[in-house]
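Me: I'd like a close look at just one part of this protein. Could you walk me through it slowly?

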Amino acid sequence: MKYPHLYKDWHDYDLLYQFPQIERIQLWKKLRVEDEERAWLFIEEHYLDKYSKFVKIDLDYSSTGIWENPFPSNRADININPTSLGLPEEVCKDLEEWQDYFDLHSRPWDADESCDYEKLDKWGLIIAKKVKLFTQPNVYVEYHPFRELAIIRNEVVELDVPEFLKILTNF
C-alpha cells in the first residue's frame, strides 16, 4: 500500500462515517470488510498513481460549486476558487449561476421550496463537462461519485463506475 494515510481517511470517512443527513456513497454499501484493501489498491493504481488532483463539481450552500478531494469520492473536502484551475471566465460564470440557483431555491426544510432538483442535476453535469474540457490531463474530474469525466474523441463523457469495483461491491 503506497498511501496508508489516505487509505485510513477513505476507510474512516467513506466506509464508516455516517453523517445523519447525508447518505454514504451507494457504491460502498455492500463492500465486504475482507475486500476493503483490494478496493483501495485498485484506487491507488487507477487513480492516485495517475492523477495529481481530484476535483468534484458539487453544490453546497454558499460554495463555489467546485471542490478538491484527496481521492475520488462523494465528499466535498476543500472548496476551491474555479480560477485556481485556470477555467475561463465563461465556465466560472456558469458555476456561479448554478450555485446561485441552488442557494436561492434549495430549502428542503421550507414548505414553499422552489428548487427543481432534476434540472439542477442535469445543469451540473453540463457544467462539470465544461470544467473537464479546461482542466489539465492530470486532473481527475467527477460530478457523480466514482464516475470519472473523460475526454474521448474530443467529447467529454461520464464514465461508468469501474467494473472491478462494481463486482467487488455488488453495485
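Me: Is the crossing of H3 and H4 left-handed or right-handed?

Reply: The crossing of H3 and H4 is left-handed (the near helix is turned anticlockwise from the far one by less than a right angle; clockwise would be right-handed). A quick heads-up: this is a predicted model, where local features need pLDDT of at least 70, side-chain atom pairs count only at pLDDT 80 or more, and totals for chains, interfaces and linings use all residues. Residues are numbered from 1 along each chain as its sequence is written, and side-chain values use heavy atoms, with hydrogens and water left out.

Now the pair itself. Helix H3 covers residues 89-105 and helix H4 residues 117-134 (helices are DSSP runs, H or I, of at least four residues, numbered from the N terminus). Their axes come within 10 Å and cross at roughly 160° (axes are lines fitted to C-alpha atoms over the stretch in contact, and angles run from 0 to 180 degrees between N-to-C directions). That makes H3 roughly antiparallel to H4, a label for angles over 145 degrees.

Who touches whom? The contact (heavy atoms within 4.5 Å) includes Asp94 and Trp98 of H3, and Trp123 and Lys130 of H4.

Two of these also pair up: the side chains of Lys130 and Asp94 meet in a salt bridge, 2.7 Å from N to O (a side-chain nitrogen of Lys or Arg within 4 Å of a carboxyl oxygen of Asp or Glu). Lys130 and Asp94 sit 36 residues apart. Asp94 is buried, at 14% relative accessible area, while Lys130 is partly exposed, at 26% (buried is under 20%, exposed over 50%, partly exposed in between, with a 1.4 Å probe and protein chains only).

Notes. Helix = DSSP H or I, 4+ residues; strand = E, 2+ residues; numbered from the N terminus. Parallel < 35°, antiparallel > 145°, perpendicular 65-115°, else oblique.
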